[in-house]
Amino acid sequence: MMKETTVAMLDMSKTILEKVSFDKILFRKELSKAVQWLRPDEKMLLKVWALTTFGHMYKDVILDVYKTVVKS
């Protein structure tokens, strides 16, 4: 059950990021929330997905969020 819930959270995070990708500030806010909710392995999956999907637009934001939020 825990794994299914986490996968659902990962998928939900991806959906939200897709919906707010038009706005850099919202994207940063939602990515920051997502990395706080997910387990370390899902955090890395989300990072890879985010860089692949939005790296052309928000690479700086993604790397900054992971540098500051994941370590806390």
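Visitor: How much space lies in the largest cavity?

Guide: This is a predicted model: local features need pLDDT of at least 70, side-chain atom pairs count only at pLDDT 80 or more, and totals for chains, interfaces and linings use all residues. Residues are numbered from 1 along each chain as its sequence is written, and side-chain values use heavy atoms, without hydrogens and water. Searching the whole structure turns up one cavity of 30 Å³ or more (a set of points on a 1 Å grid over the protein atoms alone, where a 1.4 Å probe fits but cannot get out). Counting the space filled by probe spheres set on the points, the largest cavity holds about 30 Å³.

Visitor: Which elements give two or more residues to its lining?

Guide: The lining (an atom within 4 Å of a point) is Ser13, Ile16, Leu17, Glu30, Ala34 and Trp37. Two or more of these come from each of two DSSP helices (H or I, at least four residues): H1 (2-20) and H2.

Visitor: Is H2 roughly parallel or antiparallel to H3?

Guide: H2 (residues 24-37) and H3 (residues 40-68) pack with axes 11 Å apart, at about 150 degrees. Over 145 degrees counts as roughly antiparallel, so H2 against H3 is roughly antiparallel.

How values were computed. Axes fitted to C-alpha atoms, helices over the stretch in contact; angles between N-to-C directions. Parallel < 35°, antiparallel > 145°, perpendicular 65-115°, else oblique. 1 Å grid on protein atoms, 1.4 Å probe; cavity = no way out; pocket = protein on both sides within 12 Å on 5 of 7 lines; lining within 4 Å.
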